[in-house]
Amino acid sequence: MCHDTAPTLFPRTASTGSIDGAICALCYAGATRGPRLLVLPDIYGCNAFYRGYAAYLAEQGAGEVLLVDPFAPFGELATVTREAAFQRRHRLADRAYVKELIDFIGGQRIDGVVGFCIGGLFVFELARQQVVSRLVAYYPFPQGLENRDPLDVPFDYLPALRSRHTVIVGDDDALLGTQNLQRLQAQARANDAIDLHVMDGAGHGFLADLESPDTARAAVAKRGLRIGTTTLLGG
């Protein structure tokens with residue numbers, strides 16, 4: 001699991017509204033003049049971590065944050081397990097969903113998007129299609145993911161990509177793997193549009209370490225959180 005519980009530094013603010021339709025989202029109101037942001041969670045959906053994170057971005061200066069639930073049409077998880085989450089995830093048609101997401105982003109006048117894990121894979125596709133100017137992907141999959149309606153593999157198009165996007169990964173991410181990390185680093189060195197940040201000693205889902213008793217791990221998580229927040233808010 002990438003994340004489940006929200007750290008105490010995230011506010012416990014309830015959502016201020018919701019959107020139902022082809023794209024479902026919880027809304028979190030923030031600063032009047034801040035950017036409108038959109039959050040794409042991992043395969044576990046809009047759990048306490050992401051609700052807290054959306055409220056955190058609103059508190060930090062976003063005008064409004066929309067926490068999107070790609071899995072809303074398939075209902076809640078009967079059991080919060082990796083197996084159940086992947087079973088539900090495989091019902092999502094990635095390419096068709098991202099097409100609807102792009103239309104939604106345009107209609108909602110979104111300024112920035114942040115995605116985690118599978119959401120990070122979607123961010124790569126948004127960058128390829130030059131959807132918004134502020135894009136952040138936490139521990140995404142540049143090697144792509146299997147799906148009944150799969151997206152193009154990011155590694156195939158990242159070398160020619162011209163839309164700047166920020167990618168934040170750990171150097172010990174077992175789901176990414178050493179070879180894929182090295183390939184991503186090589187592509188980032190050759191293409192300034194890929195703003196790659198590799199967190200030393202961090203694994204997949206390292207923001208879960210924000211309150212780790214290991215001060216070094218907590219410091220890495222806080223640095224990763226700060227990079228993403230600054231990028232999204234235009235700092």
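Predicted model: local features only at pLDDT ≥ 70, side-chain atom pairs only at ≥ 80, totals over all residues.

The interior comes first. In soluble globular proteins, nonpolar side chains tend to be buried together. In this model the largest nonpolar core has 45 residues. Those with the most contacts inside this core are Leu38, Leu40, Val68, Ile105, Val113, Phe122 and Leu158. The element that gives the most to this core is helix 4, residues 118–128, with 7 residues. Another core, of 35 residues, lies apart from it, and includes Phe10, Ala54, Phe116 and Leu232.

Not counting residues up to four places away in sequence, Leu40 touches Val68, Leu101, Val113, Val114, Gly115, Phe116, Gly119, Phe122 and Val123. Among these partners, Val68, Val113 and Phe122 are also listed with the most contacts inside the largest core. Phe116, another partner of Leu40, is listed in the core of 35 residues.

The helix pairs come next. Two packed helices are described by the angle between their axes and the distance between the axes. For helix 3 (residues 94–108) and helix 4, the axes come within 11 Å and cross at roughly 65 degrees. Angles of 65 to 115 degrees count as roughly perpendicular, and helix 3 and helix 4 are therefore roughly perpendicular to each other. Helix 3 passes helix 4 in a right-handed crossing. On the side of helix 3, the contact is made by Asp94, Tyr97, Val98, Ile102 and Ile105, and on the side of helix 4 by Ile118, Phe122, Glu125 and Leu126. By class, the residues of this contact between helix 3 and helix 4 divide into 7 nonpolar, no polar and 2 charged. Ile105 and Phe122 take part in this contact and are also listed with the most contacts inside the largest core.

The second pair is helix 1 (residues 48–60) and helix 7 (residues 215–233), which pack at an angle of about 55 degrees with their axes 11 Å apart. That angle makes helix 1 oblique to helix 7. Here too the crossing is described by its hand: helix 1 passes helix 7 in a right-handed crossing. Tyr53, Tyr56, Leu57 and Gln60 of helix 1 meet Leu225, Thr229, Leu232 and Leu233 of helix 7. The residues of this contact of helix 1 with helix 7 divide into 6 nonpolar, 2 polar and no charged.

Asp195 is found in strand 8, residues 194–199. The cut-off for buried is under 20% relative accessible area, so Asp195, at 17% relative accessibility, counts as buried. Leaving aside neighbours within four places in sequence, Asp195 is in contact with Arg164, His165, Thr166 and Val167. Gln187 lies in helix 6, residues 178–190. At 11% relative accessibility, Gln187 counts as buried. With residues up to four places away in sequence not counted, Gln187 touches Phe155, Leu158, Pro159 and Ile194. Of these partners, Leu158 is also listed with the most contacts inside the largest core.

Two further glutamines count as partly exposed. One of them, Gln182, is found in helix 6 and counts as partly exposed because its relative accessibility is 46%. The C-alpha atoms of Gln182 and Asp171, 11 residues apart along the chain, are separated by 9.5 Å. The other, Gln108, is found in helix 3 and counts as partly exposed at 24% relative accessibility. Gln108 touches Ile19, Arg36 and Leu66, not counting residues up to four places away in sequence. Between the C-alpha atoms of Gln108 and Tyr139, 31 residues apart along the chain, the separation is 26 Å.

Which phi value does Arg109 have, although it is not a glycine? Its phi is positive, at about 55 degrees. Arg109 is placed in the loop between helix 3 and strand 5 (112–116), and at 68% relative accessibility Arg109 counts as exposed. Gln130, also a residue other than glycine, has a positive phi near 55 degrees. Gln130 is found in the loop between helix 4 and strand 6 (134–138). At 57% relative accessibility, Gln130 counts as exposed.

Notes:
Residues numbered from 1 in each chain as written. Heavy atoms only, no water. Core = buried A, V, L, I, M, F, W, Y, C linked by side-chain atoms within 4.5 Å. Buried < 20%, exposed > 50% of the residue type's maximum accessible area, 1.4 Å probe, protein only. Helix = DSSP H or I, 4+ residues; strand = E, 2+ residues; numbered from the N terminus. Contact = heavy atoms within 4.5 Å. Axes fitted to C-alpha atoms, helices over the stretch in contact; angles between N-to-C directions. Parallel < 35°, antiparallel > 145°, perpendicular 65-115°, else oblique. Left-handed = near helix turned anticlockwise from the far one by under 90°. Nonpolar A, V, L, I, M, F, W, Y, C, P; charged D, E, K, R; others polar.
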